[in-house]
Amino acid sequence: MLRMLKPNAIILHKTRPQVGQEIQACIGCNECLLACPALAEPITIDMLNRETLSGPISEPVARFTRACYQCGACVAPCPVGLHRDAMMLWLKVRLLSSMEEA
Ligand code: SF4
Ligand code: SF4
């Protein structure tokens, strides 16, 4: 089943362009990460944003991505109304997909 997972092939509650728009709209204030109960090591928001949509996923970001349990605590503190939970869901799928391809 996992072998069939591709970011563009399953239904997420945000599409890839929507996630891209959210990342572009992010002002980098870090409030979402400050509110997150699953973040166990320092990760910069720039790093997380850069690695969310494309390119290699570093080990710290991969660990955080696995640790995210979609609680949604990161959404309310965002001053510009973004959805870090949806961005993380996208990244979870991408991480699974990249592991399958490795
Ligand atoms: S949805 Fe994920 S990133 Fe957002 S606060 Fe919960 S665990 Fe953290
Ligand atoms: S709280 Fe919103 S604007 Fe601030 S870093 Fe997180 S997603 Fe970006």
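Guide: Let us begin with a definition: Ala, Val, Leu, Ile, Met, Phe, Trp, Tyr, Cys and Pro count as nonpolar, Asp, Glu, Lys and Arg as charged, and the others, Gly among them, as polar. By class, the residues in the shell around ligand 2 comprise 9 nonpolar, 2 polar and 2 charged. Please note that the model is a predicted one.

Visitor: Which residues come nearest to ligand 2?

Guide: There are 13 residues around ligand 2, and those that come nearest are Cys-26, Cys-29, Glu-31, Cys-32 and Cys-78. Under the definition, Cys counts as nonpolar and Glu as charged.

Visitor: What makes up the shell around ligand 1, by class?

Guide: The shell around ligand 1 holds 9 nonpolar, 2 polar and 2 charged residues. Of the 13 residues there, Cys-36, Ala-38, Cys-68, Cys-71 and Cys-74 come nearest. Helix α5, residues 84-101, supplies the largest share of this shell, with 3 residues.

Visitor: How many helices and strands does the protein have?

Guide: The protein has 5 helices and 0 strands. Its pattern along the sequence is α-α-α-α-α.

Visitor: Why are α1 and α3 called roughly antiparallel?

Guide: Helix α1 (residues 16-25) and helix α3 (residues 45-53) pack at an angle of about 160 degrees, their axes being 10 Å apart. Angles over 145 degrees count as roughly antiparallel. The two helices, α1 and α3, are therefore roughly antiparallel to each other. Their crossing is left-handed. On the α1 side the contact is made by Val-19, Gly-20 and Ile-23, and on the α3 side by Asn-49, Thr-52 and Leu-53. These contact residues divide into 3 nonpolar, 3 polar and no charged.

Visitor: Why does Cys-78 count as partly exposed?

Guide: A residue is buried if 20 or more other C-beta atoms lie within 10 Å of its own, exposed if 12 or fewer, and partly exposed in between. Cys-78 has 18 C-beta neighbours inside 10 Å, and therefore counts as partly exposed. Cys-78 lies in the loop between α4 (59-67) and α5.

Visitor: Which residues does Cys-78 touch, leaving aside those up to four places away in sequence?

Guide: Cys-78 touches Glu-31, Cys-32 and Arg-84. Cys-78 and Glu-31 are 47 residues apart along the chain, while their C-alpha atoms are separated by 6.1 Å.

Visitor: Is Gln-70 buried or exposed, and what makes it so?

Guide: Gln-70 has 12 C-beta neighbours inside 10 Å, and so counts as exposed. The cut-off for that class is 12 or fewer. Gln-70 is found in the loop between α4 and α5. Phi of Gln-70 is near 60 degrees, a positive value in a residue other than glycine.

Visitor: Where is Asn-30 placed, and why is Asn-30 called partly exposed?

Guide: Asn-30 lies in the loop between α1 and α2 (31-35). Asn-30 has 15 other C-beta atoms within 10 Å, and is therefore partly exposed. Phi of Asn-30 is near 80 degrees, a positive value in a residue other than glycine.

Visitor: What share of the protein do buried residues make up?

Guide: Buried residues make up 21% of the 102 residues in the protein. As for contacts with a separation of 6 or more, residues 24 or more positions apart account for 68% of them.

Technical notes:
Residues numbered from 1 in each chain as written. Chains lettered and ligands numbered in written order. Predicted model: local features only at pLDDT ≥ 70, side-chain atom pairs only at ≥ 80, totals over all residues. Axes fitted to C-alpha atoms, helices over the stretch in contact; angles between N-to-C directions. Helix = DSSP H or I, 4+ residues; strand = E, 2+ residues; numbered from the N terminus. Parallel < 35°, antiparallel > 145°, perpendicular 65-115°, else oblique. Left-handed = near helix turned anticlockwise from the far one by under 90°. Contact = placed C-beta atoms within 7 Å. Near = placed C-beta within 6 Å.
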